[in-house]
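Welcome, and please take a moment to look over the structure below. A short briefing follows, grouped by topic.

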Amino acid sequence: MSVNYYEPPELSKPAPQPAAAAPTSPAKAAPIKPKEPIGFWRFMGYLGGALTWVRNTLANLLFIIIILILLAAIGANAPHPLPENFALRIAPTGVLVDQRSYIDPTSLLLSDENPDENETVVSELVEAINKGANDKRVTHLVLEPGKLLGGGLSKMNEIGQALENFKQSGKKILSVSDNYSQEQYYLASFADEIYLHDMGVVEITGYGRYMNYYKTALDKLGVTIHAFRSGKYKDYLEPYLRDDMSAESREHNEQWISELWATYTNNVEQRRQLPPGSINDYVNNLDAHMALTEGDSAKLAIEKALVDKIQSRQDTDQMLIDTVGKSSEGNWYNGVGVKSYLADIRKHPTVEKNKVAVITAVGSIVDGHQPDGSIGSDSMVELLQQVKDDSDVKALVIRVDSGGGSAFASEVIRTEIIKLRAKKIPIYISMGSVAASGGYWISTAGDKIWAQPTTITGSIGVFGAFPTLENSLKKIGINTDGVGTTELAGSMRLDRPLSEKAGKIVQQSVDSIYQRFITLVADTRKQEKSAIHEIAQGHVWTGTKAKEIGLVDELGTLKDVIAAIAQDAKLDTYKVEFVKRPLSPKEEFLRSLTEGQASALAPKALLEKFASLSVLNDLAPTLKPLQEIQSLNDPRGIYVKCFECVAP
C-alpha cells in the first residue's frame, strides 16, 4: 500500500515557474540575513523568569532545611532506652524555682540560649530522687551542684529531704564539683562523700542584707517620692526615702536573717558531724586559717572536714567511672540525667482517677492575665476554675512563693479560693521560700497553712507610693500651670506637686486596707485584732517563728503537705497533678521543639546576664527605684509587698 503526502502551497509565494536554462557562470549564493537583536523587554522577561526560578528554588531549599531541623529536634527529644544499671545524675542549674518562667516558644527557636540552664524546677528533682530511691536500676546518685546559682534554704531543704530519703535505701550519694559556693555546699552537705578539685574552694561567707538607698540621688534629680504606709516595719519604701537603714528595719531584718544563718550552720555541722560553731569559726577566722595552709583553700577545706577528698578533675572522672561504670556514649561515667529519667518513668501514666491538684502561685502579684513567673489575678482565677470543673480533684494544695504585690489582685485571688471551698474539698497552703505580705493575704483563704522552718512570711502591712517630677522639670525650665474645677483636679499629675488634701486621702486608703488586712488575719487565725496588730506592722518572720505566734498551722515541705491533705481527704490512692494554663496547639508544638535544647546552643550563661545587669545598675542606679514603682499596677496604687523578702 502506498501513502501519498500532500503539502499545500504557501499562499504568500507565487506559483512555480518552468526552470530556466542553466547559466554559463556559477550562480551566487543568496545572502544570509542577520538575526534580529533581542529586544529590551524580551531580555527583561528572560531575567524575570530566571529570578523567579532562583527564588522558588531557594524557598524550597529553605523549607526542606526547616523540615529537617524540626525532624532532628523531634528526634533529639525522643526518649532513649536507659541502661540496665546507672547512677542518677542530679545537676541543678541556674536558680531553683517552683515554676519555670514563661518564655515565648517562638522566640526560643530564634534564640541561642537554653532556658533549661536558667531555672531548675524543684518538684522535678524531688520526683526523680524519690523514684530513684526505689528503682533497682539506680545504683548511686551523683550530685553536681557546680552550676547552681541559688534558690533559698527552703527549696534546698525540699531537695535535701528527698536526698535523705534516697540514702535510706542504702544507696550512696556522691557530690563532685571544682568549687562550692555557699548555696552549692549546703546542697552538697546532704551527700555521703564530697569531692573538691585540688585547686578549688568552699566559699562560705554568711548571710547579709545590704541594699542601695536613693534619697540623695533622687533629690539631685529633683524626683519627689510620695510614700504612704501602715506598719512601722513596712520598709519597702525606705530606699526611696532614706540614705540608710532605719532602726526598725535593722531590727527585724537582723532577726530573720540570723535565724536562717543559724539553720544553715546547724544543719551543715550536723550532717558533716562537725563541732558546734565550726562554720562560724571557718568564716570569721578564714584569714588566719588560710595563713596556716599558705593560702591553699582546698587543703583548708579538707583539714576542716568540709570535704572528704581533694583531687584533679581527671581523677574525679575516673573515680566515678570506677564506681558506677563507664557510659556507652563516651569516656564518662554511666549517669542518667533528670529529664531523661523522668521521661522514662512517666511512659506509663497512672490510671488513678482521684487527684490531689497543685497550683503554683509564684512571683509578684499583679492585676490581670500574667505569664508563668508572675501571679496574675485573672490567670489565677482561671486555674482555680479549672480545679472547680474537674470532678476528679479531691483536694487542692496551693504552693505560694511570693513576696506580694497588688492589694486588689490579692483580694481577687483570695475571694476565688473561698468560693472554691464551697466544693467541699480541703484546700491547704504550702509556703515556699517566701509567702509574705500579699503572699500571706492569699494564704489566709486556705483551710490550713503550712510553711517550712526557713520560709519568709508575715510582712502584714500596706503602702502606697508614686513619684512626681515637678522639681526635675523646673531644672530644665519646664513649669506647669492651669485651672481646675475642684481642689483635687489634676492633683495626681506627675508634673505637679501632690496637694496636702490628696496626700491625706491616699494615706486614709492605705490605713483602711491595713485594717482590712489585719481583720482578715484575725478572723482566719481566730485571734484578737489587737494581737495581730502587734505581730503585723510589716514585720517579717521565719516559718518557725510564724508557727509560734500562730500565723501558720504546721511546718513541712510540699511533699509533707500533699501527704497530709490526702490523709485528711481519706484518699488511700491518688495521683498528684500540677494544674497549668492550657497551651494553644501552636504553643504546644513549638514548646515540644524547644524543650531539651542542647547546651551547645546556649553560649551565654545566666551569670553573664547578671553581670551585665549589675553594670547597668552601676551606671544608672537612680533608674532602679522608678522602674520598680512603675512596674506595680494596682488600680488604686496600694500594695501589700515585702521589700526584703528575697530568700538567701
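## A first look inside

Setting aside residues up to four places away in sequence, Tyr-185 touches Tyr-180, Ile-194, Val-202, Ile-204, Tyr-264, Val-268, Arg-272 and Leu-306, where a contact means heavy atoms within 4.5 Å. This is a predicted model, in which local features need pLDDT of at least 70 and side-chain atom pairs count only at pLDDT 80 or more, while totals for chains, interfaces and linings use all residues. Residues are numbered from 1 along each chain as its sequence is written, and side-chain values use heavy atoms, with hydrogens and water left out.

**Nonpolar cores**

- The largest nonpolar core has 58 residues, and Leu-141, Tyr-185, Val-202, Ile-204 and Tyr-264 touch the most other members.
- A separate, second core holds 55 residues, among them Ala-435, Ile-518, Leu-520 and Val-640.
- Such a core is a set of buried Ala, Val, Leu, Ile, Met, Phe, Trp, Tyr and Cys residues joined through side-chain atoms within 4.5 Å; buried means under 20% relative accessible area, exposed over 50%, and partly exposed in between, with a 1.4 Å probe and protein chains only.

**The open sheet**

- Three strands form an open sheet with parallel pairing, in the order S3-S2-S5; strands (E, at least two residues) and helices (H or I, at least four) are DSSP runs numbered from the N terminus.
- At the edges are strand S3 (119-121) and strand S5 (147-150), each pairing on one side only; to pair, two strands need at least two DSSP bridges between them.
- From one strand to the next, the twist averages 45 degrees, with angles running from 0 to 180 degrees between N-to-C directions of axes, which are lines fitted to C-alpha atoms, for helices over the stretch in contact.
- Strand S2 (residues 93-97) runs parallel to S3 and is joined to S3 by 3 bridges, and Val-97 has Val-121 in S3 as its bridge partner.
- Helix H3 (residues 122-133) lies across S2 and S3, at about 50 degrees to S3.

**Val-324**

- Val-324 is part of helix H12 (residues 313-324), and it counts as buried because its relative accessibility is 11%.
- Apart from neighbours within four places in sequence, Val-324 is in contact with Ala-87, His-140, Tyr-333 and Asn-334.
- Val-324 and Val-138 are 186 residues apart along the chain, and their C-alpha atoms are separated by 9.7 Å.

**Ser-230**

- Ser-230 sits in strand S8 (residues 224-230) and, at 6% relative accessibility, counts as buried.
- Beyond neighbours within four places in sequence, the contacts of Ser-230 include Gly-461, Val-462 and Tyr-514.
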